[in-house]
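Dear colleague,

I am passing on the structure we spoke about, with notes on what a search of it turned up. Please look through it before reading on.

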Amino acid sequence: MRIIEPHIHMYSRTTDDYQAMWEAGIRVIVEPAFWLGQNRRYAGTFYDYFAHILEFETERARKFGIDHYAAIAVNPKECDDLDLANEVIDGIDEYLDHPRCVAVGEIGMNMNTENEIACFRRQLLIAEQRAMPVVIHLPHIPKKEGARIAVDIIKAEGVTQKRIIIDHNTEETMEIGRETDCYLGLTVYPYSKLNPERVSMILREWGTGQVMIAGSADWGVSDPLSLIKVADYLLQDGHDEATINGILHDQPAAFYGVSPNFKPDFDLTPVPVSEYQR
Ligand SMILES: [Zn+2]
């Protein structure tokens, strides 16, 4: 199967993860810009990080046979320092123009503060102006309120809904997301967020159209093979292969395919580890 992982933070993962992902059939991945675990103090440290995921990480992935793309933005957790966030966004164009950048993201909310909302709106409008896909992060805790805020802003600003994915949905936010034509993401973590059983029930209730599943693996307890495990469970649980192929390949390909930079190469050959040069 040709599998696309639509949301993963390889910056925080090891080469063992790349090998395991390749062996499991994952060939194309998208890495949104995220919070590094400690708030940055300078615009320059954001820019160095953007360059890292656009260039170094793409090269690292290629050696393991994986075609890696990035999404670039100031993440919600660092938007509360609004002056710094705005300074970063003032200089973000050259990173959005990078040939490996396929989306603006992740933007959205963490605690639904006014500064987060201001940053979200500004970056959402930049994406609309550039006709780029957008990855929206819903909060972990005030999730339903965050979904409401995001959807109300999307509607009020009249931005193109089919170019947006609202990610990290649960049972309580699907109804709000389905008010729009946005893609909806389900994130599966080993111990929190969703598990495969809940994903299967959500898909039965809300349909599989424009839905994507991601591992969103990062520094925390997470699993870069999460979406494979969900796919196996969905098959056992009676979802057909075309549906699963839609979720693992067709829907992410259609979503990111709006970007002219997204030209997935499923046929990269891994470099033998003995020849791997640091
Ligand atoms: Zn993420």
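In which kind of crossing, left-handed or right-handed, does α5 pass α6? The crossing of α5 past α6 is right-handed, where right-handed means that the near helix is turned clockwise from the far one by less than a right angle, and left-handed that it is turned anticlockwise.

Before the rest, some notes on the basis: this is a predicted model, in which local features need pLDDT of at least 70 and side-chain atom pairs count only at pLDDT 80 or more, while totals for chains, interfaces and linings use all residues. Residues are numbered from 1 along each chain as its sequence is written, and side-chain values use heavy atoms, with hydrogens and water left out.

To return to the helices (DSSP runs of H or I, at least four residues, numbered from the N terminus), α5 covers residues 114-130 and α6 residues 143-157, and the two pack at an angle of about 40° with their axes 11 Å apart. The axes are lines fitted to C-alpha atoms over the stretch in contact, with angles running from 0 to 180 degrees between N-to-C directions. The pair is therefore oblique, the class left once angles under 35 degrees (roughly parallel), over 145 (roughly antiparallel) and 65 to 115 (roughly perpendicular) are set aside.

On the aromatic side, the whole structure holds 13 aromatic pairs, counted for rings of Phe, Tyr and Trp (its six-membered ring) with centres within 6.5 Å, and called stacked if the planes are under 30 degrees apart, edge-to-face if over 60 and tilted otherwise. Tyr 49 and Phe 50 form a tilted pair, because their ring centres are 6.1 Å apart and their planes stand at 50°. Both are buried (under 20% relative accessible area, with exposed being over 50% and partly exposed in between, for a 1.4 Å probe and protein chains only), Tyr 49 at 3% and Phe 50 at 0%. These two belong to a cluster linked by ring pairs, whose members include Tyr 11, Phe 34 and Trp 219.

Charges also sit over rings (NZ of Lys or CZ of Arg within 6 Å of the ring centre and within 35 degrees of the ring normal): Arg 2 lies over the face of Phe 266, at 4.1 Å from the ring centre, and Arg 27 over that of Trp 22, at 4.1 Å.

Finally, the search finds zero disulfides (cysteine sulfur pairs within 2.5 Å). The sulfur of Cys 79 has its closest cysteine sulfur in Cys 119, at 3.0 Å, which is too far for a bond; Cys 79 is buried at 2% relative accessibility, and Cys 119 is buried at 0%.
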